[in-house]
Amino acid sequence: TRQLIVRRGQPFLITVEMSFAFQPSDVLKFTVETDDMVFLPDEKERREYVMNEQGIVYKGTAHYIISDVWEFGQFEEEMVDICLRLLDVNPKYQKDPDDDVAARCNPIYVSRVISAMINSNDDRGVLTGRWDDNYQGGTCPTRWNSSVTILQQWYNNSCMAVKFGQCWVFAAVMCTVMRFFGIPCRVVTNFDSAHDENNSLTIDEYFDEYGLKDTRHRLNFHVWVEGWMKRPDLNRGSKYDGWQVLDPTPQERSEGVFCCGPAPVAAIHEGATDLKYDIPFVFSEVNADKVKWRTKMKHLSDTSSVGQNISTKAVGSFTRNDITNTYKYKEVVNIPIQIPYSVYIKYSANLDSVKVTAQASDGDGEIYEAETNLALEDPPITIKVLGEARVNCPMTIEVEFENPLNETLRSCSLTVIGCGLFRSGYIDR
(Lines give C-alpha, C1' and ligand atoms only; values in the text may rest on other atoms or scores of the structure.)
Protein backbone atom coordinates (compact mmCIF):
# COMPACT_ATOMS: atom_id res chain seq x y z
CA THR A 1 0.00 0.00 0.00
CA ARG A 2 1.07 3.59 -0.58
CA GLN A 3 1.33 6.04 2.27
CA LEU A 4 -1.03 9.00 2.49
CA ILE A 5 0.81 12.06 3.82
CA VAL A 6 -1.29 14.91 5.19
CA ARG A 7 -0.63 18.00 7.25
CA ARG A 8 -1.30 17.59 10.96
CA GLY A 9 -4.75 18.71 11.98
CA GLN A 10 -6.20 18.88 8.47
CA PRO A 11 -9.09 16.67 7.25
CA PHE A 12 -8.53 14.60 4.12
CA LEU A 13 -10.49 12.42 1.67
CA ILE A 14 -9.56 9.04 0.24
CA THR A 15 -11.10 7.17 -2.71
CA VAL A 16 -11.27 3.37 -2.64
CA GLU A 17 -11.41 1.45 -5.92
CA MET A 18 -13.02 -1.99 -5.51
CA SER A 19 -12.02 -4.93 -7.74
CA PHE A 20 -15.37 -6.60 -7.06
CA ALA A 21 -18.96 -5.55 -6.44
CA PHE A 22 -19.52 -4.16 -2.97
CA GLN A 23 -22.75 -5.37 -1.37
CA PRO A 24 -24.69 -3.39 1.25
CA SER A 25 -24.21 -6.25 3.69
CA ASP A 26 -20.43 -6.24 3.31
CA VAL A 27 -18.28 -4.60 5.98
CA LEU A 28 -15.42 -2.31 4.98
CA LYS A 29 -12.98 -1.54 7.81
CA PHE A 30 -10.26 1.12 7.77
CA THR A 31 -7.43 0.99 10.27
CA VAL A 32 -5.43 4.16 10.89
CA GLU A 33 -2.05 3.75 12.51
CA THR A 34 0.08 6.65 13.62
CA ASP A 35 3.26 7.09 15.59
CA ASP A 36 2.64 10.83 15.59
CA MET A 37 3.81 12.15 18.98
CA VAL A 38 1.56 15.21 18.70
CA PHE A 39 -1.68 13.66 17.46
CA LEU A 40 -4.74 14.92 19.31
CA PRO A 41 -7.60 12.41 18.94
CA ASP A 42 -10.34 15.00 19.50
CA GLU A 43 -11.21 16.81 16.25
CA LYS A 44 -12.55 19.93 18.00
CA GLU A 45 -9.31 20.26 19.93
CA ARG A 46 -7.28 19.84 16.72
CA ARG A 47 -9.26 22.66 15.13
CA GLU A 48 -8.66 24.90 18.14
CA TYR A 49 -5.04 24.13 18.97
CA VAL A 50 -3.60 23.60 15.47
CA MET A 51 -5.84 25.26 12.89
CA ASN A 52 -7.31 28.30 14.68
CA GLU A 53 -5.53 31.51 13.62
CA GLN A 54 -7.14 33.70 16.28
CA GLY A 55 -7.08 33.43 20.04
CA ILE A 56 -7.21 35.11 23.43
CA VAL A 57 -4.41 36.23 25.73
CA TYR A 58 -5.43 36.79 29.36
CA LYS A 59 -3.83 39.56 31.42
CA GLY A 60 -4.71 41.73 34.42
CA THR A 61 -4.99 40.37 37.94
CA ALA A 62 -6.46 37.30 39.60
CA HIS A 63 -9.50 39.37 40.66
CA TYR A 64 -9.91 41.28 37.40
CA ILE A 65 -9.02 39.25 34.31
CA ILE A 66 -8.66 41.06 30.98
CA SER A 67 -9.00 39.22 27.67
CA ASP A 68 -7.10 40.53 24.64
CA VAL A 69 -7.68 39.17 21.15
CA TRP A 70 -4.50 37.95 19.43
CA GLU A 71 -3.91 37.16 15.76
CA PHE A 72 -1.71 34.04 15.53
CA GLY A 73 -1.84 33.88 11.71
CA GLN A 74 0.19 30.68 11.39
CA PHE A 75 -0.96 30.21 7.78
CA GLU A 76 -0.33 33.77 6.64
CA GLU A 77 2.01 34.87 3.86
CA GLU A 78 5.69 33.97 4.26
CA MET A 79 5.09 31.74 7.32
CA VAL A 80 6.75 28.71 5.67
CA ASP A 81 9.93 30.68 5.00
CA ILE A 82 9.85 32.43 8.37
CA CYS A 83 9.38 29.34 10.55
CA LEU A 84 11.92 27.23 8.67
CA ARG A 85 14.37 30.11 8.85
CA LEU A 86 13.85 30.23 12.61
CA LEU A 87 15.01 26.61 12.86
CA ASP A 88 17.94 27.15 10.50
CA VAL A 89 19.46 30.05 12.45
CA ASN A 90 19.28 28.32 15.83
CA PRO A 91 22.75 27.65 17.37
CA LYS A 92 22.29 23.86 17.32
CA TYR A 93 21.87 23.90 13.55
CA GLN A 94 24.82 26.22 13.15
CA LYS A 95 26.97 23.86 15.24
CA ASP A 96 25.88 20.56 13.64
CA PRO A 97 23.31 20.82 10.81
CA ASP A 98 23.05 17.05 10.32
CA ASP A 99 22.24 16.31 13.96
CA ASP A 100 19.80 19.21 14.18
CA VAL A 101 17.84 18.26 11.06
CA ALA A 102 17.76 14.59 12.09
CA ALA A 103 16.21 15.59 15.44
CA ARG A 104 13.45 17.73 13.92
CA CYS A 105 11.09 14.75 13.83
CA ASN A 106 10.99 14.93 17.64
CA PRO A 107 8.59 17.57 19.03
CA ILE A 108 10.42 17.53 22.37
CA TYR A 109 13.58 18.72 20.64
CA VAL A 110 11.80 21.11 18.27
CA SER A 111 9.77 22.75 21.05
CA ARG A 112 12.91 23.44 23.09
CA VAL A 113 14.55 25.01 20.05
CA ILE A 114 11.48 27.19 19.44
CA SER A 115 11.36 28.21 23.12
CA ALA A 116 14.98 29.37 22.90
CA MET A 117 14.60 31.10 19.51
CA ILE A 118 11.56 33.24 20.39
CA ASN A 119 13.79 35.27 22.74
CA SER A 120 17.08 36.76 21.56
CA ASN A 121 19.18 36.33 24.70
CA ASP A 122 21.44 33.54 23.39
CA ASP A 123 21.01 33.72 19.65
CA ARG A 124 19.42 35.46 16.67
CA GLY A 125 15.99 35.04 18.23
CA VAL A 126 12.80 36.86 17.39
CA LEU A 127 12.16 39.19 20.35
CA THR A 128 14.09 41.34 22.78
CA GLY A 129 12.46 41.70 26.20
CA ARG A 130 12.09 44.98 28.07
CA TRP A 131 10.47 45.52 31.49
CA ASP A 132 11.70 48.96 32.56
CA ASP A 133 9.08 51.11 30.71
CA ASN A 134 11.75 52.54 28.39
CA TYR A 135 10.70 51.49 24.90
CA GLN A 136 12.63 54.02 22.84
CA GLY A 137 13.88 52.50 19.60
CA GLY A 138 11.13 49.89 19.56
CA THR A 139 7.47 49.14 20.18
CA CYS A 140 5.80 49.05 23.60
CA PRO A 141 4.79 45.41 24.28
CA THR A 142 1.16 46.42 24.91
CA ARG A 143 0.90 47.64 21.30
CA TRP A 144 1.38 44.19 19.78
CA ASN A 145 -1.68 42.10 18.94
CA SER A 146 -0.42 39.94 16.06
CA SER A 147 2.39 37.40 15.77
CA VAL A 148 2.49 37.92 12.01
CA THR A 149 3.72 41.52 12.24
CA ILE A 150 6.51 40.52 14.64
CA LEU A 151 7.67 37.47 12.68
CA GLN A 152 7.62 39.30 9.35
CA GLN A 153 9.63 42.16 10.83
CA TRP A 154 12.22 39.72 12.20
CA TYR A 155 12.50 37.85 8.90
CA ASN A 156 12.61 40.91 6.67
CA ASN A 157 15.32 42.55 8.84
CA SER A 158 17.81 39.69 8.38
CA CYS A 159 16.75 37.97 11.63
CA MET A 160 17.46 41.00 13.80
CA ALA A 161 15.53 40.85 17.08
CA VAL A 162 12.29 42.83 17.22
CA LYS A 163 11.95 45.33 20.09
CA PHE A 164 10.19 44.84 22.50
CA GLY A 165 8.33 41.95 24.11
CA GLN A 166 7.06 40.80 27.48
CA CYS A 167 5.76 37.42 28.59
CA TRP A 168 2.44 37.43 26.72
CA VAL A 169 4.11 38.55 23.49
CA PHE A 170 6.80 35.85 23.74
CA ALA A 171 4.13 33.21 24.44
CA ALA A 172 1.75 34.27 21.64
CA VAL A 173 4.53 34.29 19.04
CA MET A 174 5.66 30.84 20.17
CA CYS A 175 2.08 29.58 19.87
CA THR A 176 2.05 30.72 16.24
CA VAL A 177 5.25 28.85 15.38
CA MET A 178 4.18 25.70 17.24
CA ARG A 179 0.83 25.60 15.44
CA PHE A 180 2.54 26.19 12.12
CA PHE A 181 4.62 23.04 12.68
CA GLY A 182 1.48 21.09 13.59
CA ILE A 183 2.19 20.86 17.31
CA PRO A 184 -1.04 21.55 19.26
CA CYS A 185 -0.47 24.64 21.36
CA ARG A 186 -2.37 27.05 23.60
CA VAL A 187 -1.50 30.22 25.50
CA VAL A 188 -1.80 29.95 29.29
CA THR A 189 -1.84 32.73 31.91
CA ASN A 190 -0.89 32.15 35.55
CA PHE A 191 -2.08 34.90 37.90
CA ASP A 192 -0.10 35.76 41.03
CA SER A 193 2.86 33.98 39.48
CA ALA A 194 6.13 33.44 41.34
CA HIS A 195 9.78 33.43 40.23
CA ASP A 196 12.01 31.05 42.19
CA GLU A 197 15.67 31.86 41.46
CA ASN A 198 17.34 29.31 43.75
CA ASN A 199 15.17 26.15 43.39
CA SER A 200 14.03 26.41 47.02
CA LEU A 201 10.33 26.13 46.03
CA THR A 202 9.69 29.18 48.23
CA ILE A 203 9.38 32.89 47.50
CA ASP A 204 10.96 35.08 50.16
CA GLU A 205 9.61 38.61 50.63
CA TYR A 206 11.54 40.97 52.89
CA PHE A 207 9.88 43.85 54.78
CA ASP A 208 11.62 46.69 56.52
CA GLU A 209 10.36 48.27 59.71
CA TYR A 210 8.02 50.47 57.66
CA GLY A 211 6.32 47.56 55.91
CA LEU A 212 8.00 48.19 52.54
CA LYS A 213 9.07 45.11 50.62
CA ASP A 214 11.04 43.83 47.66
CA THR A 215 8.49 42.61 45.06
CA ARG A 216 10.84 41.35 42.34
CA HIS A 217 9.84 37.70 42.79
CA ARG A 218 6.07 38.15 42.39
CA LEU A 219 4.20 39.00 39.19
CA ASN A 220 0.56 39.98 38.73
CA PHE A 221 0.51 37.43 35.93
CA HIS A 222 2.86 35.43 33.77
CA VAL A 223 2.10 33.87 30.40
CA TRP A 224 3.56 30.74 28.81
CA VAL A 225 2.31 28.12 26.36
CA GLU A 226 1.35 24.48 26.61
CA GLY A 227 2.23 22.13 23.76
CA TRP A 228 0.56 18.73 23.44
CA MET A 229 2.94 15.80 22.88
CA LYS A 230 3.90 12.36 24.08
CA ARG A 231 6.88 11.96 26.43
CA PRO A 232 8.52 8.58 25.74
CA ASP A 233 11.83 10.05 26.96
CA LEU A 234 10.57 9.96 30.56
CA ASN A 235 10.13 6.14 30.53
CA ARG A 236 6.83 6.33 32.42
CA GLY A 237 4.56 4.87 29.75
CA SER A 238 1.84 7.36 28.85
CA LYS A 239 1.59 8.87 32.35
CA TYR A 240 3.11 12.19 31.37
CA ASP A 241 1.83 12.40 27.79
CA GLY A 242 -0.35 15.41 27.07
CA TRP A 243 0.04 19.10 27.78
CA GLN A 244 3.58 20.33 28.43
CA VAL A 245 4.60 23.78 29.72
CA LEU A 246 6.98 25.69 27.44
CA ASP A 247 8.09 29.21 28.29
CA PRO A 248 10.01 31.36 25.79
CA THR A 249 10.31 34.35 28.14
CA PRO A 250 13.98 34.55 29.15
CA GLN A 251 13.91 34.06 32.93
CA GLU A 252 16.36 31.30 33.85
CA ARG A 253 18.74 29.09 31.85
CA SER A 254 17.85 25.49 31.05
CA GLU A 255 20.91 23.37 30.20
CA GLY A 256 22.79 26.61 29.59
CA VAL A 257 20.17 28.22 27.31
CA PHE A 258 17.33 30.68 27.99
CA CYS A 259 14.43 28.32 27.35
CA CYS A 260 11.99 26.35 29.49
CA GLY A 261 10.29 22.99 29.08
CA PRO A 262 8.66 20.89 27.95
CA ALA A 263 7.51 20.24 31.52
CA PRO A 264 4.52 17.85 31.80
CA VAL A 265 1.55 19.52 33.48
CA ALA A 266 0.71 16.17 35.11
CA ALA A 267 4.19 16.07 36.68
CA ILE A 268 3.80 19.64 37.95
CA HIS A 269 0.48 18.67 39.52
CA GLU A 270 2.03 15.69 41.30
CA GLY A 271 5.22 17.52 42.29
CA ALA A 272 7.46 15.14 40.31
CA THR A 273 10.33 17.62 40.26
CA ASP A 274 12.99 15.05 39.27
CA LEU A 275 11.77 14.77 35.66
CA LYS A 276 12.71 16.74 32.54
CA TYR A 277 12.49 19.63 31.84
CA ASP A 278 12.53 22.52 34.34
CA ILE A 279 9.70 21.15 36.49
CA PRO A 280 10.96 22.67 39.80
CA PHE A 281 10.95 26.16 38.26
CA VAL A 282 7.43 25.85 36.80
CA PHE A 283 6.16 24.15 39.98
CA SER A 284 7.30 27.15 42.01
CA GLU A 285 5.54 29.54 39.61
CA VAL A 286 2.17 28.00 40.49
CA ASN A 287 2.69 26.41 43.87
CA ALA A 288 5.55 27.99 45.82
CA ASP A 289 5.11 28.91 49.47
CA LYS A 290 5.41 32.64 50.10
CA VAL A 291 7.56 33.26 53.16
CA LYS A 292 7.62 36.80 54.58
CA TRP A 293 10.44 38.19 56.66
CA ARG A 294 10.57 41.35 58.71
CA THR A 295 13.97 42.69 59.77
CA LYS A 296 15.45 39.21 59.13
CA MET A 297 12.85 37.41 61.27
CA LYS A 298 10.27 35.09 59.69
CA HIS A 299 6.79 36.29 60.55
CA LEU A 300 4.37 34.79 57.99
CA SER A 301 4.18 31.81 55.63
CA ASP A 302 1.51 31.80 52.92
CA THR A 303 0.89 28.50 51.11
CA SER A 304 -2.08 29.48 48.97
CA SER A 305 -1.71 32.84 47.23
CA VAL A 306 0.74 31.84 44.46
CA GLY A 307 -0.80 30.47 41.27
CA GLN A 308 -4.40 31.64 40.88
CA ASN A 309 -7.01 31.35 38.10
CA ILE A 310 -4.69 29.69 35.58
CA SER A 311 -6.48 30.47 32.32
CA THR A 312 -6.61 29.61 28.63
CA LYS A 313 -9.11 30.09 25.82
CA ALA A 314 -11.89 27.48 25.73
CA VAL A 315 -12.22 25.13 22.75
CA GLY A 316 -14.54 26.52 20.09
CA SER A 317 -15.48 29.74 21.89
CA PHE A 318 -14.01 32.99 23.18
CA THR A 319 -14.75 32.14 26.81
CA ARG A 320 -12.16 31.53 29.53
CA ASN A 321 -11.27 28.01 30.61
CA ASP A 322 -9.89 27.80 34.16
CA ILE A 323 -7.31 24.98 34.24
CA THR A 324 -5.89 25.63 37.72
CA ASN A 325 -6.89 22.14 38.87
CA THR A 326 -4.60 20.57 36.24
CA TYR A 327 -1.60 22.27 37.88
CA LYS A 328 -2.37 22.06 41.59
CA TYR A 329 -4.76 20.81 44.21
CA LYS A 330 -7.53 23.14 45.33
CA GLU A 331 -6.51 25.81 47.83
CA VAL A 332 -8.20 28.56 49.80
CA VAL A 333 -8.56 31.82 47.85
CA ASN A 334 -7.69 35.09 49.60
CA ILE A 335 -10.29 37.83 49.97
CA PRO A 336 -9.23 41.02 48.13
CA ILE A 337 -9.08 44.48 49.68
CA GLN A 338 -11.41 47.08 48.17
CA ILE A 339 -10.03 50.63 47.87
CA PRO A 340 -11.76 53.60 46.16
CA TYR A 341 -10.24 54.48 42.79
CA SER A 342 -9.78 58.08 43.87
CA VAL A 343 -7.21 56.96 46.43
CA TYR A 344 -4.78 55.38 43.99
CA ILE A 345 -5.51 57.11 40.66
CA LYS A 346 -2.33 59.21 40.80
CA TYR A 347 -0.21 56.07 41.14
CA SER A 348 -1.79 54.24 38.18
CA ALA A 349 -1.63 56.85 35.42
CA ASN A 350 1.09 54.98 33.51
CA LEU A 351 0.49 51.45 34.83
CA ASP A 352 -1.91 48.62 34.04
CA SER A 353 -2.28 47.63 37.68
CA VAL A 354 -1.24 48.55 41.21
CA LYS A 355 -0.35 46.09 43.95
CA VAL A 356 -1.59 47.14 47.40
CA THR A 357 -0.41 45.54 50.64
CA ALA A 358 -1.74 46.37 54.10
CA GLN A 359 -0.19 45.23 57.35
CA ALA A 360 -1.35 45.58 60.94
CA SER A 361 -0.27 44.22 64.31
CA ASP A 362 -2.09 43.88 67.61
CA GLY A 363 -0.90 44.31 71.16
CA ASP A 364 0.26 40.70 71.39
CA GLY A 365 2.60 41.08 68.42
CA GLU A 366 0.44 39.13 65.99
CA ILE A 367 0.79 40.39 62.41
CA TYR A 368 -2.10 40.53 59.98
CA GLU A 369 -1.85 41.14 56.26
CA ALA A 370 -4.02 41.50 53.16
CA GLU A 371 -2.88 41.98 49.58
CA THR A 372 -4.59 42.60 46.26
CA ASN A 373 -3.92 43.84 42.73
CA LEU A 374 -5.92 46.72 41.32
CA ALA A 375 -6.37 46.73 37.53
CA LEU A 376 -7.68 49.43 35.22
CA GLU A 377 -10.74 48.45 33.24
CA ASP A 378 -10.46 48.97 29.49
CA PRO A 379 -13.58 50.56 27.95
CA PRO A 380 -15.08 48.59 25.04
CA ILE A 381 -14.44 49.33 21.37
CA THR A 382 -17.15 48.49 18.85
CA ILE A 383 -16.69 47.94 15.11
CA LYS A 384 -19.56 48.26 12.62
CA VAL A 385 -19.47 47.65 8.85
CA LEU A 386 -21.05 50.51 6.90
CA GLY A 387 -22.80 49.35 3.79
CA GLU A 388 -22.39 46.00 2.06
CA ALA A 389 -19.20 43.94 2.29
CA ARG A 390 -18.12 42.18 -0.91
CA VAL A 391 -15.19 39.91 -1.69
CA ASN A 392 -12.22 41.76 -3.27
CA CYS A 393 -13.94 45.13 -2.84
CA PRO A 394 -13.06 47.97 -0.44
CA MET A 395 -15.34 48.36 2.55
CA THR A 396 -15.84 51.00 5.21
CA ILE A 397 -15.97 50.30 8.92
CA GLU A 398 -16.91 52.55 11.81
CA VAL A 399 -15.00 52.24 15.08
CA GLU A 400 -16.68 53.64 18.20
CA PHE A 401 -14.93 54.30 21.49
CA GLU A 402 -16.36 56.17 24.49
CA ASN A 403 -13.87 57.95 26.69
CA PRO A 404 -14.72 57.09 30.34
CA LEU A 405 -12.40 59.75 31.77
CA ASN A 406 -13.10 63.40 32.50
CA GLU A 407 -10.10 64.34 30.39
CA THR A 408 -9.60 64.85 26.67
CA LEU A 409 -7.55 62.08 25.07
CA ARG A 410 -4.72 63.20 22.81
CA SER A 411 -2.12 61.52 20.56
CA CYS A 412 -4.36 58.51 19.99
CA SER A 413 -3.76 55.68 17.51
CA LEU A 414 -5.90 52.86 16.14
CA THR A 415 -4.73 49.32 15.36
CA VAL A 416 -6.82 47.19 12.99
CA ILE A 417 -5.96 43.54 12.33
CA GLY A 418 -7.36 40.79 10.16
CA CYS A 419 -5.83 37.83 8.33
CA GLY A 420 -4.83 38.92 4.83
CA LEU A 421 -6.35 42.40 5.12
CA PHE A 422 -3.32 44.59 5.76
CA ARG A 423 0.44 44.47 5.36
CA SER A 424 0.69 46.61 8.48
CA GLY A 425 -1.80 46.73 11.33
CA TYR A 426 -0.99 50.22 12.60
CA ILE A 427 -3.10 53.22 11.59
CA ASP A 428 -2.14 56.63 12.95
CA ARG A 429 -4.87 59.17 13.65
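Predicted model: local features only at pLDDT ≥ 70, side-chain atom pairs only at ≥ 80, totals over all residues.

Visitor: Why is cysteine 159 called buried?

Guide: Buried means under 20% relative accessible area, exposed means over 50%, and partly exposed is in between, using a 1.4 Å probe and protein chains only. Cysteine 159 has 6% relative accessibility, so it counts as buried. Cysteine 167, at 8%, therefore counts as buried too. Of the 429 residues of the protein, 42% get that label.

Visitor: What makes a group of residues a nonpolar core?

Guide: They must be buried Ala, Val, Leu, Ile, Met, Phe, Trp, Tyr or Cys residues, joined through side-chain atoms within 4.5 Å. The largest core here has 54 residues, and Trp70, Leu86, Ile114, Ile118, Val126, Leu127 and Ile150 touch the most other members. Elements that give two or more residues to this core include strand E1 (54-61), helix H2 (79-88) and helix H7 (167-180). The largest share, twelve residues, comes from H7. Apart from this core lies another, of 24 residues, among them Val188, Ala272, Leu275 and Ile279.

Visitor: Which residues does leucine 86 touch?

Guide: Leaving aside residues up to four places away in sequence, leucine 86 touches Ile114, Met117, Ile118, Val126, Trp154 and Val177. A contact is a case of heavy atoms within 4.5 Å.

Visitor: Which residues form a nonpolar patch on the surface?

Guide: That would be Ile381, Ile383, Val385, Met395, Ile397, Val399, Phe401, Leu405 and Leu409, with about 770 Å² of accessible area together. Strand E16 (381-386) and strand E17 (396-401) each give two or more residues to the patch.

Visitor: Is aspartate 133 buried or exposed?

Guide: Exposed, because its relative accessible area of 56% is over the 50% limit. Aspartate 133 is found in the loop between strand E3 (127-129) and H6, and has a positive phi of about 70 degrees although it is not a glycine.

Visitor: What about aspartate 192: buried or exposed?

Guide: Aspartate 192 has a relative accessible area of 9%, under the 20% limit, so it is buried. This residue sits in strand E5, with a positive phi of about 55 degrees although it is not a glycine. Most residues other than glycine have a negative phi, and most peptide bonds are trans.

Visitor: Where are cis peptide bonds found?

Guide: One joins glycine 261 and proline 262, with omega about 0 degrees. Proline 262 is in the loop between strand E8 (242-246) and strand E9 (263-264). Another joins lysine 276 and tyrosine 277, with omega about -10 degrees. Tyrosine 277 lies in the loop between helix H8 (265-270) and helix H9 (279-287).

Note on methods: Residues numbered from 1 in each chain as written. Heavy atoms only, no water. Helix = DSSP H or I, 4+ residues; strand = E, 2+ residues; numbered from the N terminus. Patch = residues over 30% accessible without salt bridge, like charges linked within 9 Å, V, L, I, M, F, W, Y side chains within 5 Å. Areas by Shrake-Rupley, 256 points an atom, 1.4 Å probe, with all protein chains shown as cover. Salt bridge = Lys/Arg side-chain N within 4 Å of Asp/Glu carboxyl O.
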